[in-house]
Amino acid sequence: MGHIRLGKLPRAKRWAEVVDLLGLGAGSAAVAAATLDAAEADLRSAPQDPAVLHAFWLLTQLPDAARSDDFASALRDLGVQVESAPSVAELGAALTQAIDRHALEQRNKSDLGEMAQLAAVQSLTGLLQSRVPTLFGTTPDDVRSEVAKLATEKQFGSLAKEFFADFSQRFLTYYTSRELPSHVGRDRAFPELTAHDAFNQALDVHCQQASRIVETFAGTWYSKSRFEKTLTPERTAGFIGYALTKMRRELKRGD
């Protein structure tokens, strides 16, 4: 078993277009579009990656686990190992470990999987932290209550939007970060580090804006599948593939 790493872009012809755009100091939208062209095969493989699939599938399962009689027990049934009602931090750590274990069991630990793992944890904990009381006033019941609210069409759509924005940003940064430092410095596209940071921030905003395209669609899909009791890994894989296709088109349309 090995860590399956992406890494063929620098030898691909389309990568030269990305390098040229970075060298010219092109905007984040243009660079994102070129990078997606160069990395299209990798992005298309994401729904078949065990960790990508498991990360998002777990997000679909957590709301109903929070609505069960015993949240901690329901989490353990999902492979999310907690000893008692978890805090936001404990839930995030347990979710991370659950996705890791699944990837190891499938003998398929990949960079795409790690991106999805981080996106799932960040989207969930970020959303919860923005909604629960202050750090010292938060109780496990507050956390459970907020996770349970994600079972609605609108709330799950918001969670999915954050997931796909974060995953897309990590995916694009994974590639552009290889070349971007080469264009920082005097008489280069990015004269100083602040320009470099501004580019990355713009890329993040671009992904956040593009992710709106999946928000309503994700909520509708989740609500319908939950009602029909068909939130299976297989159905989830189909959704991820379609959602990433919509994201890819929207990101490229922003160029």
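Rings of Phe, Tyr and Trp (for Trp, its six-membered ring) are taken as a pair if their centres lie within 6.5 Å, and planes under 30 degrees apart count as stacked, over 60 as edge-to-face and the rest as tilted. The structure open in your viewer is a predicted model, in which local features need pLDDT of at least 70 and side-chain atom pairs count only at pLDDT 80 or more, while totals for chains, interfaces and linings use all residues. Residues are numbered from 1 along each chain as its sequence is written, and side-chain values use heavy atoms, with hydrogens and water left out.

**The aromatic cluster**

Begin by selecting Phe56, Phe156, Phe163, Phe164, Phe167, Phe171, Phe217, Trp221, Tyr222, Phe239 and Tyr242, which form one aromatic cluster; a search of the whole structure finds 12 aromatic pairs. Now keep Phe56 and Phe164, a tilted pair at 5.5 Å centre to centre with 45 degrees between the planes. Phe56 lies in helix H4 (residues 50-66) and Phe164 in helix H9 (residues 153-179), so this pair ties together parts that are 108 residues apart in sequence; helices here are DSSP runs (H or I, at least four residues; strands are E, at least two), numbered from the N terminus. Both Phe56 and Phe164 are buried, where buried means under 20% relative accessible area, exposed over 50% and partly exposed in between (1.4 Å probe, protein chains only).

Phe156 in helix H9 and Tyr222 in helix H11 are 66 residues apart, and the pair links distant parts of the chain. Phe156 is buried at a relative accessible area of 0%, and Tyr222 likewise counts as buried at 0%.

**Thr60**

Select Thr60, found in helix H4 and buried at 0% relative accessibility. Leaving aside residues up to four places away in sequence, Thr60 touches Phe156, Trp221, Tyr222 and Leu231, contact meaning heavy atoms within 4.5 Å.

**Helices H11 and H12**

Finally, show H11 (residues 212-228) and H12 (residues 233-253), whose axes come within 10 Å and cross at roughly 170 degrees. That makes H11 roughly antiparallel to H12, since angles over 145 degrees count as roughly antiparallel, under 35 as roughly parallel, 65 to 115 as roughly perpendicular and the rest as oblique. Among the residues that meet here are Phe217 and Trp221 in H11, and Phe239 and Tyr242 in H12. End at Lys246, which lies over the face of Phe217 at 5.6 Å from the ring centre; the criterion is NZ of Lys or CZ of Arg within 6 Å of the ring centre and within 35 degrees of the ring normal.

Notes: Axes fitted to C-alpha atoms, helices over the stretch in contact; angles between N-to-C directions.
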